[in-house]
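Here's a quick briefing on the cross-links and charge pairs in this one. Have the structure open while you read.

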Amino acid sequence: MSLLAAPASAEEKVTIEEFNWLDNSYLEKQVARVDELGRSEFGTPVRGDKSDLELLQRIIYRGLIPKDDSLRLQALGVVLGNVMVKDFGLEWKKYTDRIGSTRAACIPGTQECVFPVTMLSRRMEVGLMPDVQRIYGEVQEMIKPFQPKLPYQVN
């Protein structure tokens with residue numbers, strides 16, 4: 001299963017736009033939902049770094065969000081996406097294709113994007129317990145060929 005999306009063909013029109021204040025507000029509210037849950041259940045806030053992956057996994061393993069609560073399940077994906085944006089140099093963008101609009105984390109200057117908002121929720125809605133660290137690692141490997149090479153970097 002590929003997590004990276006780009007237009008399938010030249011005929012498929014994709015637009016990638018900057019976030020507006022509504023998009024940014026949505027992300028902030030979603031992070032606040034997970035932060036509140038982490039603080040109340042574990043005494044752990046959302047920190048905006050890789051330690052958030054462990055918090056997400058704890059929330060998933062404890063089953064703290066019902067599988068029919070799509071909004072809060074997607075909030076987990078926003079926190080995951082923020083870690084990816086920070087660690088992998090991605091940018092939050094509004095991605096629109098023939099199916100509709102969604103929020104995506106994109107490689108700057110390309111149409112190569114991942115969709116962390118639903119990476120966890122889609123799995124959890126069908127009863128799976130996703131491995132957050134594994135998904136994070138898969139995305140890291142997938143985007144590696146599209147990232148700029150540093151001087152003297154091998155591979």
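**Bridges and charge pairs**

At 29% relative accessibility, Glu138 counts as partly exposed. Keep in mind that we're looking at a predicted model. A search of the whole structure turns up 7 salt bridges and 1 disulfide.

**The helix α6 pair**
- Glu138 joins Arg134 in a salt bridge, at 2.2 Å from N to O.
- Both residues belong to helix α6 (residues 132-143), and because they're 4 residues apart there, about one helical turn separates them.
- Arg134 is partly exposed as well, with a relative accessible area of 42%.

**Glu141 and Lys144**
- Another salt bridge links Glu141 to Lys144, with 3.0 Å between the closest N and O atoms.
- Glu141 is partly exposed at 49% relative accessibility, and Lys144 is partly exposed at 37%.

- Within it, the side chains of Glu91 and Lys93 meet at 3.4 Å, N to O.
- As a general point, oppositely charged side chains can pair when their charged atoms come close.

**The disulfide**
- Cys106 and Cys113 form the disulfide, with their sulfur atoms 2.1 Å apart.
- The link is right-handed, with 100° about the S-S bond.
- Cys106 and Cys113 are both buried.

Definitions and conventions. Residues numbered from 1 in each chain as written. Predicted model: local features only at pLDDT ≥ 70, side-chain atom pairs only at ≥ 80, totals over all residues. Heavy atoms only, no water. Disulfide = S-S within 2.5 Å. Buried < 20%, exposed > 50% of the residue type's maximum accessible area, 1.4 Å probe, protein only. Salt bridge = Lys/Arg side-chain N within 4 Å of Asp/Glu carboxyl O. Helix = DSSP H or I, 4+ residues; strand = E, 2+ residues; numbered from the N terminus.
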